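Please examine the model shown below before reading further. The explanation that follows is meant to be read alongside it.

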Amino acid sequence: MQQKIIILDFGSQTTQLIGRRIRELDTFCEIVPYNKFPYDDPSVIGVILSGSPFSVYDQEAFKVDLSAIRGKYPILGICYGAQYMSYIYGGKVEPAGSREYGRANLDYIDKSNPLFKDFDDNSQVWMSHGDTITAIPDGFKTIASTHKVEYAAYQAVDELLWGVQFHPEVFHSVQGTLLLKNFVVDICGSRQDWSPANFVEQTIAEIRKEVGDDHVILGLSGGVDSSVCAVLLNKAIGKNLTCIFVDHGMLRKNEFQEVLNDYKVLGLNVIGVDASERFFGDLAGVSDPEQKRKIIGRDFVEVFNAEAKKITNAKWLAQGTIYPDRIESLNITGKVIKSHHNVGGLPKEMNLRLCEPLKWLFKDEVRRVGRQLGMPEHLITRHPFPGPGLAVRILGDITREKVQILQEADDIYIRSLREYKVRLSGEDARKLLAAGVPNTMKNGEMEVSLYDQIWQAGAVLLSTVRSVGVMGDERTYEHPVALRAVTSRDAMTADWAHLPYDFMAKVSNEIINKVKGVNRVCYDISSKPPATIEWE
Ligand code: XMP
């Protein structure tokens with residue numbers, strides 16, 4: 001049976017990061033809302049309580065009865081998780097005199113404690129809390145302190161229950177992964193057998209068992225998730241899979257043909273549908289970002305459904321849904337920032353069942369699985385691209401002409417990112433190799449493209465703006481293009497990429513010289529939050 005760690009989510013921004021760290025220890029884990037513990041699941045080997053934006057004494061703070069968990073599984077509380085357990089078991093939590101935020105060193109560590117096995121003296125940790133534990137419950141002992149935080153870590157004596165007020169999951173906690181390994185492997189007894197090869201083997205067997213000889217339809221987008229999903233299904237059920245790839249006319253330059261070709265080479269049974277006429281028609285004159293998204297979402301579903309209905313013997317709809325799409329995250333504000341669209345709302349009469357083989361994977365794991373399946377590297381490392389395509393990268397209304405201008409500028413930009421090489425060494429290089437990126441080190445260094453170093457990049461056409469320029473002896477009055485490139489791990493937060501100046505100079509020159517209709521290039525230096533990755 002696949003062992004699993006359960007992470008109870010109390011709403012912290014770093015909950016997903018805890019999940020990823022556990023997976024990096026080749027251990028399966030599941031993130032569930034704080035009050036949805038799977039009491040009947042025999043595969044659980046340990047429990048982690050996440051942080052939270054609340055204080056334990058806030059009216060609206062998330063509270064849960066741990067009595068059926070304490071004593072049955074090893075437990076590790078992180079930040080709020082540690083404070084919450086201290087609070088409910090009779091300790092004291094109070095607002096910290098000053099917010100304890102940033103790097104700190106553990107100047108006392110009980111190195112005989114299994115949680116701190118192999119720890120260095122003074123190990124650096126990352127603190128981020130407004131409250132602090134001022135007294136631990138009777139029967140608990142302190143196992144680490146910092147200069148400012150006496151109860152940086154505790155254990156309930158003779159019990160497998162720990163709390164740490166720092167965040168072992170973040171990079172700045174230098175031995176954070178070691179702490180999680182001590183908990184997951186030594187204390188909970190993980191066999192560390194969660195790997196892409198295991199995943200592929202197990203999932204193919206499960207798909208065959210579940211789907212049998214039924215026919216499956218899948219919507220392809222050109223992105224890594226749906227592509228890996230298709231190849232996995234193809235391996236499992238071959239000809240019984242039909243893929244549909246809809247072109248709404250706002251993909252990147254030549255993307256529809258190129259990707260369609262890739263799919264055919266991979267042996268997939270794909271139907272390519274050029275529906276661009278319809279999308280451009282329905283979008284004519286519409287400038288409002290949300291309205292554009294809604295029209296594209298609606299048209300997409302209708303075009304997809306019309307194709308799907310032709311496959312009369314289909315019983316299943318497969319989707320490349322991945323774990324972060326599904327985590328029932330505790331949305332504290334409840335606000336919708338942008339409406340995303342996915343294939344959905346298939347006609348009820350088709351009565352299709354849902355097959356989502358990647359639903360437990362994080363993005364980097366999907367890529368590892370893609371490599372395991374032998375997919376070409378350019379499909380695996382492809383940047384994420386929004387469903388509505390270039391429509392959300394053109395400010396103002398959409399026309400074929402504007403899309404063409406943007407396609408040209410974007411093509412120069414992306415091509416240049418692929419061509420520009422940078423040298424990596426040390427930890428950065430090691431991480432890429434560990435992820436299975438085919439590359440080799442020479443003299444302690446390896447060469448990667450700028451494209452592979454960033455999460456996502458694209459050009460944006462500011463078609464509602466015009467500015468004056470001069471070309472030769474001619475005055476121009478045309479649109480600017482904004483370039484966007486961000487680094488990120490999951491698109492929830494992102495930082496603008498610090499691209500080299502010589503690269504930017506070259507790209508700007510090439511775009512202005514070659515793309516008619518553009519006379520100025522800007523670089524977007526906003527991070528998310530407060531901005532978002534896409535402009536609309
Ligand atoms: P934002 O702009 O919200 O984007 O920071 C976060 C990530 O989501 C992608 N994105 C979308 N993906 N359908 C999608 O499939 C959409 O409607 C959509 N809108 C944004 C975006 O490219 C980024 O990776």
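The paragraphs below treat helix packing, a sheet, and some details of the backbone.

This is a predicted model, in which local features need pLDDT of at least 70 and side-chain atom pairs count only at pLDDT 80 or more, while totals for chains, interfaces and linings use all residues. Residues are numbered from 1 along each chain as its sequence is written, and side-chain values use heavy atoms, with hydrogens and water left out.

Helices and strands are taken here as DSSP runs numbered from the N terminus (helices being H or I with at least four residues, strands being E with at least two). Two packed helices are described by the angle between their axes and the distance between the axes. Axes are lines fitted to C-alpha atoms, for helices over the stretch in contact, and angles run from 0 to 180 degrees between N-to-C directions.

Consider the packing of helix α5, residues 224-237, against helix α10, residues 363-372: the angle is about 40° and the axes are 10 Å apart. The two helices, α5 and α10, are therefore oblique to each other. Under the convention used, angles under 35 degrees count as roughly parallel, over 145 as roughly antiparallel, 65 to 115 as roughly perpendicular and the rest as oblique. Contact means heavy atoms within 4.5 Å. On the α5 side, Val-224, Asp-225 and Val-228 take part, and they meet Lys-363, Val-366, Arg-367, Val-369 and Gly-370 of α10. Sorted by class, the contact of α5 with α10 comprises 4 nonpolar, 1 polar and 3 charged residues. In this sorting, Ala, Val, Leu, Ile, Met, Phe, Trp, Tyr, Cys and Pro count as nonpolar, Asp, Glu, Lys and Arg as charged, and the others, Gly among them, as polar.

Helix α10 also packs with helix α4, residues 196-211, at an angle of about 75° and with the axes 9 Å apart. This makes α4 roughly perpendicular to α10. Here Pro-196, Ala-197, Phe-199 and Val-200 of α4 meet Arg-368, Val-369 and Gln-372 of α10. The contact of α4 with α10 divides into 5 nonpolar, 1 polar and 1 charged residues.

The next topic is a sheet. Strands of a sheet pair through backbone hydrogen bonds, either parallel or antiparallel. Two strands are said to pair if DSSP finds at least two bridges between them. In this model, 5 strands with parallel pairing form an open sheet, in the order β12-β11-β10-β13-β14. Which strands stand at the edges? They are β12 (270-274) and β14 (353-355), each with a single partner strand, so one side of each is left without a neighbour in the sheet. On average, neighbouring strands of this sheet are turned by 30° against each other, direction ignored. Within the sheet, β10 (residues 215-220) and β13 (residues 314-318) pair in the parallel sense over 4 bridges. Val-216 stands opposite Trp-316 in β13.

Finally, some backbone details deserve attention. A cis peptide bond joins Lys-528 and Pro-529, with omega about -15°, and another cis peptide bond joins Pro-529 and Pro-530, with omega about 10°. Pro-529 lies in the segment after β21 (518-523), and Pro-530 is placed in the segment after β21.

Asp-158, a residue other than glycine, has a positive phi near 60°. Asp-158 occurs in the loop between β8 (153-156) and β9 (161-164), and is exposed, with a relative accessible area of 79%. Buried means under 20% relative accessible area, exposed over 50%, and partly exposed in between, with a 1.4 Å probe and protein chains only.
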